[in-house]
Amino acid sequence: MQFMLLFSRQGKLRLQKWYVPLSDKERKKISRDLVQTILARKPKMCSFLEWRDLKIVYKRYASLYFCCAVEDQDNELITLEIIHRYVELLDKYFGSVCELDIIFNFEKAYFILDEFLLGGEAQETSKKNVLKAIEQADLLQEVRLLTDP
Amino acid sequence: MPAVSKGDGMRGLAVFISDIRNCKSKEAEIKRINKELANIRSKFKGDKALDGYSKKKYVCKLLFIFLLGHDIDFGHMEAVNLLSSNKYTEKQIGYLFISVLVNSNSELIRLINNAIKNDLSSRNPTFMCLALHCIANVGSREMAEAFAGEIPRILVAGDTMDSVKQSAALCLLRLYKASPDLVLMGEWTSRVVHLLNDQHMGVVTAAISLITCLSSKNPDEFKTCVSLAVSRLSRIVSSASTDLQDYTYYFVPAPWLSCKLLRLLQCYPPPEDGAVKGRLVECLETILNKAQEPPKSKKVQHSNAKNAILFEAISLIIHYDSEPNLLVRACNQLGQFLQHRETNLRYLALESMCTLASSEFSHEAVKTHIETVINALKTERDVSVRQRAADLLYAMCDRSNAKQIVAEMLSYLETADYSIREEMVLKVAILAEKYAVDYSWYVDTILNLIRIAGDYVSEEVWYRVIQIVINRDDVQGYAAKTVFEALQAPACHENMVKVGGYILGEFGNLIAGDPRSSPLVQFNLLHSKFHLCSVPTRALLLSAYIKFINLFPETKATIQEVLRSDSQIRNSDVELQQRAVEYLKLSSIASTDVLATVLEEMPPFPERESSILAKLKKKKGPGAVSVELEDGKERGELNGGGDRGGDAAIAASNASTPSPSADLLGLRSTAPVSGTTPSAGSLLVDVFSEAGPSATSAGVNDDGFLSSAPPTVASEDPAPPLPESDELLNKFVCKNNGVLFENQLLQIGIKSEYRQNLGRMYLFYGNKTSVQFVSFNTTVSCPGELQSQLNVQTKTVEPLVEGGAQVQQVINIECLTDFIDAPLLNIKFRYGGALQNISLKLPVTINKFFQPTEMAAADFFQRWKQLSQPQQEAQKIFKASHGMDTEVLKAKLLGLGTALLENVDPNPENYVCAGVIQTKAQQVGCLLRLEPNAQAQMYRLTLRSSKDTVSQRVCDLLAEQF
């Protein structure tokens, strides 16, 4: 996977993760173009499209679009389920996740993503294991809080 | 589950985010952000030391601001400080900031690397994972240099926690992708492959991505993974849906891992071991069988996961292309999906079938779905799905169904989306030409194409129809009749006028017997379109008129009158005016014989690749049109038909090679120098001798119509490489940067870098004049077998180069296997109207892919002896053509790319070197010995390598350097 973008129906980027080195300018251009392209598509259209030399896989969940760019030989359907699994993880962690959760706790959204995908590849697909890792980290911070003066 | 925004939640951050969300306008948002930035800056600069919490909060705010799309130019230092905090959340935010906002500030990188190093050695798995995530997110070369050696050890160590192993595997993958030369698996290879057997599914899932990437680059070293992958796959495929607990996803066991295993197997040919192969075929059959079972859940996630595996299995079946039974089953399965209610599945089925269509085993099976696919083209609501359907029709087209498919594509064109029309036009044009049995069908199809989608018919398409009509005398009469009819339409596309003008000018006589299309009727018809056309088309029509005067003397008076009218002879456009003047003069002065010679029918065009096909390839990238490549023969027969005067045409076209005119009409306002006049030119000069300066001849001879050679096409061919191009190539054997070529107009500079079997070259084209170059175009080609040895990709450059300006072009090179020839670089542009056409050899030589190898004397001699077969050695004894300065020699040998080994050769005057040439197919070890004889001013150069062609080539290249 080359990158993942989360954006709202209004076209505001909520999360961006880049797995290939690109300049800030290129990233902005890509996000702008792609957000426009996807928002222009109708609801019943297919979740895949060719875009430049990449395959775009996207899906809308409530007010948020999740969009991944994968390479030619990558599997579109399994990418679609990568998106779904990430949504499940967010949902489980935040408890019925909504766009606001991701805005106000953007750093958590990034941490969860890092546990699930690393360098653009699935690191751990078990929901239990990913959440356990995040929980442990949260626990670590609570313990520190308690012991801190 | 922890509640969100817990005790330590950063209140200040939440307030700030709320503020931003409440901003009513972009201006208000920027104002609020600037206020916050000022505040943070003062906090960071203030005298009071900030506590960790505040630092974390401010760094997090900066991150938020950056992610909103604003620039952040401070705070990096504070973030780095957080890395060494002993509080987990502070460290975590520090790492996140670094991951998102990398800065190549070297001082900072050193500090970051230090912090990472500490965390990696902390033995605290949570900290280790954070550090590994950071490396994987940044993936820079500096980090690869610092950690590429350490991470494989963490990955395979027995006491590493599973979660750390998972991070380490993917971290290494990212570093390998970015800096493959720094990640050396060597001794770890086998232990990494065996991670496929790990008990922890998560470890296998992570490790297999790394293994797949490494296997695709070094298939031989990793080939033991095949049997491991097959047995792992077999265990998953045969497991019940509950066996794998949390790795079962909506009743599908380990879908991600299954897909990755199937993907890994696509790096290899079918397993040779019969048992392994049998087991794999069984797996693939099971997967195909499962597709027929009723779903275990109605959820789309269930069917997506199941079908993801199915599609990956089909990809593998297509990759093997050796199991007819499986291929046909795959095709049938996809056929079912073509009518599925899920758009996604229809899309993927169309896409996947496209590749099946090119397999001999399944081509026929694919063809049975033609009606469904045509229906998809007509009824799908999503343009991306229709596009797939059009692609599939194109792929499944053959002689048996060409007429149907072309007709359907033509009718689709009438309503097709603008975004895909041009490509559709090209595809129709190619299919029509390729499968034309009778040429009247071909002509009809192309004229229909122009009628339906004239705006999208590129020059290549109408050039091509003219080439074919000219070369086939059996279709000329039909073509003339058809264009005449097409031109009757009250509104016809300008491209139709062009084709009509050209064809009637050549072959109008074939239909002139019918009073309904008598010469004057033809002329009036053409001339009725004249005023609506653009300048290039008018110029073409003028040429058609002068041809009419030759074909039909009875039209002479009428046409001369037209030429003489003020709107022609005083036209403000220089080209039109010149043509009118010259044609008028020509028609009144020249005798009938001279006229007949000058205006003779066009000779056949030399056989060449269809320019349309070239264009489609360019549009879609290589590989996309592979279907046609087998078909060169058929096209040859189609187009090389006519044999009248073929040799003369080629001779003439050679004579006029430097003559410009890259477009059919050669709309140039300035005259070429008389030296470039083609053979027919001398005649013209005679004709005009009383009319004045030789410049008049130019207007005629750069016209595609009049010169007896077909200049349009001929002059577009790249020039042969310059005689000095070999010498220029030799200049770059031992260096990567410099000036490749220079003349009065143009300078070409080169910068290049190579890593493993990959190279990147930057070409800088400098315009040395003060006048812009137009139609600037460069192409890189690999002649002959080089095509299969090097993979060269370029981006096109802007067609305009302003005076004094420089444009850059990047060329990516992949060495597939060893090679001898160099790729050709052709540069074409117009300078003040004259076409410049330069071909050079691109200095890509086999030694660029050397990886230096250091070794001790004993090693060197042992390997030297191992390579003692006569064909492994190449030797040259030659005279020094430069000074024999030691330092210069050393610099050249290092520049060659090998390691210069000191204290190896017993004779200190001699030089020995060692290196490995990295190609995609294999690595070739190479040893070198250079023995200078200062007295005799001679050298003896000896090369030994495991491959004879390599020894010889490196020896040849290097012998030119001293």
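This is a predicted model: local features need pLDDT of at least 70, side-chain atom pairs count only at pLDDT 80 or more; totals for chains, interfaces and linings use all residues.
Residues are numbered from 1 along each chain as its sequence is written, chains are lettered from A and ligands numbered from 1 in the order in which they are written, and side-chain values use heavy atoms, with hydrogens and water left out.

**Chain A**

Chain A holds 5 helices and 7 strands, taken as DSSP runs numbered from the N terminus (helices: H or I, at least four residues; strands: E, at least two). Along the sequence they follow the order β-β-α-β-β-β-α-α-α-β-β-α. Of the 149 residues in chain A, 60% are buried; buried means under 20% relative accessible area, exposed over 50%, and partly exposed in between (1.4 Å probe, protein chains only).

**Where the chains meet**

The size of an interface is often given as the accessible area lost when the parts come together. Here are the totals for chain A and chain B:

| Quantity between chain A and chain B | Value |
|---|---|
| Buried area (accessible area, 1.4 Å probe, that two parts lose on being put together, summed over both) | about 6000 Å² |
| Salt bridges (side-chain nitrogen of Lys or Arg within 4 Å of a carboxyl oxygen of Asp or Glu) | 4 salt bridges |
| Residues in the contact | 65 residues from chain A and 74 residues from chain B |

Carbon and sulfur atoms give 57% of the buried area.

**A look at Asp382(B)**

Asp382(B) sits in the loop between α20 (370–379) and α21 (383–396) of chain B. Asp382(B) counts as buried because its relative accessibility is 2%. This residue forms a salt bridge with Arg41(A), the closest N and O atoms being 2.8 Å apart. Leaving aside neighbours within four places in sequence, Asp382(B) is in contact with Arg41(A), Met45(A) and Cys46(A).

**And at Glu727(B)**

Glu727(B) belongs to helix α40 (residues 725–731) of chain B. With a relative accessibility of 60%, Glu727(B) counts as exposed. The C-alpha atoms of Glu727(B) and Lys841(B) are separated by 9.4 Å, although the two residues are 114 residues apart along the chain.

Conventions: Contact means heavy atoms within 4.5 Å.
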